Amino acid sequence: MLFTAGVDVGSLAAKAAVLDADRRRVMATACLPTGPDPAEAGRRVLQAALETADIKYDGLSAVVATGYGRETVDGAQATVTEISCVARGAHLLDPATRTVIDIGGQDSKAVRLDEEGYPLDFALNDRCAAGTGRFLEVMAQALGTDVTGFERLAATATEPAQITRTCTVFAESEVVGLLARGVSAERVAAGLCRAVALRTAGLVRQIGVEPKVMLVGGVGLNRVIAAEIGRALGCELITPPQPQLVVAIGAAVIAAERMTGSRDEE
Ligand code: ADP
């Protein structure tokens, strides 16, 4: 049997996926905080996924690394951009996907796919924290909670508060001001989710919205944001059960494609 792995060393979280390359089946995944040493995080997360899959490192036929720390991954046969990986991963999970939105810790991107799941076009926001996971973390802290508590607050709001500033620093001041005026934390959280969704929808429109649309990345765990993006785009939005792992899964798929000599984008 042929096994491959993908390692995605992200700005906040390191992820790994082990793939049964013959059957294109995900055997195991793992996710750990990246911390200050991306090389160590890559090693540990791959080890964790291998242990879950009950496969030894020597049993892997190929490893592909991606993410901002991809150059630090030992033993990877290739490093590939997150754009290619997110496309391949989304296609494996749902071949009908034509648009993938990936909102991670420090950037967000939208990728349009062809019928075979290869990238046709993409748009990227990596210039500022607005609309990313980091933005949500800062806002959650301003509301005295974490990202999970933030989602819970937003989910119970009757109506979102209007948030006018998208810059993280200004939006944080706006949040403090709204709370001081007695606007509930629930409404503020819901307003922030809507603001992230509207910003994301603008990014997706740069490449054209073609259904099915899949939301991935850590922020895909926030169901309020997922629902708001779907509403803003006017179409159904699907979110896989482990949205943070789709890029690592895609890297493992690319590793498998390299082994079998099928189409290779990079
Ligand atoms: P990266 O690849 O840049 O490390 P990820 O795709 O792993 O980013 O996403 C990390 C982000 O996901 C963090 O900024 C965190 O705020 C966000 N996140 C994690 N869990 C949740 C959750 N339950 N709700 C919303 N956001 C979450």
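Predicted model: local features only at pLDDT ≥ 70, side-chain atom pairs only at ≥ 80, totals over all residues.
View 1. G6 faces A17 of β2. Strand β1 (residues 3-9) and β2 run antiparallel and are joined by seven bridges. A hairpin of three residues links β1 to β2.

View 2. Strand β3 (residues 25-33) is antiparallel to β2, with eight bridges between them.

**View 3. Burial of strand β2.** Which residues of β2 lie on each side, and are they buried or exposed? One side carries A13, K15, A17 and L19; the other carries A14, A16, V18 and D20. Every one of these is buried, and both faces are covered. For β2 (residues 13-20) the count is eight of eight residues buried. Two charged side chains, K15 and D20, are on that buried list.

**View 4. The open sheet.** Five strands line up in the order β3-β2-β1-β4-β5, and the pairing is mixed.

**View 5. The β4–β5 pairing.** Strand β4 (residues 60-66) pairs with β5 in the parallel sense. Two bridges connect them. V64 is placed opposite A78 of β5.

**View 6. Helices on the sheet.** Helix α1 (residues 38-53) packs on the sheet and touches β1, β2, β3 and β4. The direction of α1 makes about 140 degrees with that of β3. Helix α8 (residues 246-260) also packs on the sheet. Its contacts are with β1, β2, β3, β4 and β5. For α8, the angle of about 140 degrees is taken with the direction of β1.

**View 7. The α6–α7 crossing.** Helix α6 (residues 185-205) packs with helix α7 (residues 223-233) at an angle of about 45 degrees. Their axes are 8 Å apart. The two helices are therefore oblique to each other. Their crossing is right-handed.

View 8. From α6 come C193, R194, V196, A197, L198, T200, A201, V204 and R205. From α7 come V224, I225, E228, I229, R231, A232 and L233. What is the make-up of this contact? The residues divide into 11 nonpolar, one polar and four charged.

Methods. Residues numbered from 1 in each chain as written. Heavy atoms only, no water. Axes fitted to C-alpha atoms, helices over the stretch in contact; angles between N-to-C directions. Helix = DSSP H or I, 4+ residues; strand = E, 2+ residues; numbered from the N terminus. Parallel < 35°, antiparallel > 145°, perpendicular 65-115°, else oblique. Left-handed = near helix turned anticlockwise from the far one by under 90°. Contact = heavy atoms within 4.5 Å. Buried < 20%, exposed > 50% of the residue type's maximum accessible area, 1.4 Å probe, protein only. Pairing = 2+ DSSP bridges.
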